[in-house]
Amino acid sequence: MSGFAALLTRDLRLAFRHGGDVANVVAFFALAVILFPFGVGPDPDLLARIAAGVLWVTALLAALLSLERLFDADFQDGSLEALSLMPVPLEIQVLAKCVAHWLTTGLPLTIIAPLLALVLHFDAAGYPALVAALLLGTPVLSLIGAIGAALTLGARRAGVLLSLLVLPLYIPVLIFGVAASEAAALGLESRPHLLLLAALLAGSLALAPWAAAAALRQALE
Amino acid sequence: MAQFFAMGGYARFVWPAYGVAVIVLVGLLAHSVIGYRRAQRALDAEERR
Amino acid sequence: MQRFANPARFMRLSAALLPWCSVAAAVLIAIGLFGALFVAPPDYQQGEAVKIMYVHVPSAWLASLVYAVMAVASAVALIWRHPLAHIAAESAAPIGAGFTFVCLASGSLWGEPMWGTWWVWDARLTSVLVLFFLYLGFIALANAFDDRTRGSRAAAILAIVGVVNLPIIKFSVDWWNTLHQKASVFRMGGPTIAGSMLWPLLVMAAGFLFLFAVLLMLRMRTALLRAKLRALRFGT
């Protein structure tokens, strides 16, 4: 457990040293969302209708931005190889990386999402469900993204390839996340959708570290 | 005959559907056969050297 | 050259099987098409539009089946390091992508007159679209590395990860109230579809299955010939 904590602290420290990353993600999210009223017009009803979708899609894209670099720096300078030889299993290391990624992308996104929802005239009734859905969904984005990042390590055009691999797998998260947020905004039941998101989270917690670790081992051979 | 091609009014959906299937599957077949013949020829040429 | 011992066996086997499978595919598809277009009755509700089913459903079945084959081959490749397994998976991928495309296109053409829309984001359609992207991702990943082996292994992992999509495709119409109709052939309690419509459907599916076998064997033979060519040229 202390190995996990040590890795997590290391990854977090690295993330914050390149302080840019958290700010990048948050700034992209905010700017992208703010562009929509300019693009589709200021009509509050229209904005309220597309609010959930806009917030989720931009959160998704923002999470995607920093995925490329998840394992890249460690891979390039050889520390990934050193880490793989540690007694801590590679799967746990991947989990630590995912947690660090979520803390620097998903969590900040979830925190500022309600503010941006204001800008889009998102119905007040939907806020709790929106935050709950993002809390459940953004870790899934980090976990699935880790699989993609590990698979594309050292590939040609890794960025495009990563998006091609990861975005289809993100679609279920997007669908249920938006459904949960919109249901609540319309006064309907959001629990079924939230439960499905929770199931996705449980599933990816089980599957993603294994798959990403397998991919990392291939990259290191 | 005309009745057959008209497909009860759904002709513009049914025939393109069959068309897509034919084009894709025959295309796959053609691509596979051509690739195979090309590889065969190249290997024969190399083995003769 | 003992690396090619197993491939040699495959080459002999496929050389023997190809003519028979080709004939089977041609005959079955011909009979299936004849049955679908000339013999099978129009549907009580859908009229002649139901004829799209004879292309849409078999390609849907093959789309999932080929992916399963691809995933199993990938697992074999990663666990037992069998070189033929990677070749099998990579040969199957474009075939599966083709069937999935036919399924999506024919489905869309069927949906417009029947549902009034070319596309809807229900569970069945979305998961088949994800399947299509998984095929494309697999092909792209396998070709994305200078070291071909690394590409093959990475793609194999992706194939296995994507297997979770298959039960979703199959059971999505049961788990959710979707626009797409529920299972009427592969279900507990047997098919609910009329016999006069079922037989051309099954014949077409069998024809597609043999077509898949033909295409797979052709592409695997091509890959093995190319590997042999590379070995001769670069003396591996």
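**Notebook: chain contacts in a predicted model**

I count two residues as in contact if their C-beta atoms, placed from the backbone, lie within 7 Å.

The model is predicted, so local features need pLDDT of at least 70 and side-chain atom pairs count only at pLDDT 80 or more, while totals for chains, interfaces and linings use all residues. Residues are numbered from 1 along each chain as its sequence is written, and chains are lettered from A and ligands numbered from 1 in the order in which they are written.

Next I asked which of the two pairs of chains in contact shares the most contacts. This is chains B and C. I found 32 residues of chain C in contact with 24 residues of chain B. On the chain C side, α2 (53–80), α3 (83–115) and α7 (195–234) each give two or more residues; helices are DSSP runs of H or I, at least four residues, numbered from the N terminus. The largest share, 12 residues, comes from α7(C).

Then I turned to chains A and C, where 17 residues of chain A are in contact with 16 residues of chain C. On the chain A side, α8, α9 (158–185) and α10 (191–220) each supply at least two residues. α9(A) has the largest share, six residues.

Last, I checked α8(A), residues 127–151. Of its 25 residues, 21 are buried (20 or more other C-beta atoms within 10 Å of the residue's own, C-beta atoms being placed from the backbone).

Technical notes
The expected span of a helix is 1.5 Å times one less than its number of residues. A residue is buried if 20 or more other C-beta atoms lie within 10 Å of its own, exposed if 12 or fewer, and partly exposed in between; C-beta atoms are placed from the backbone.
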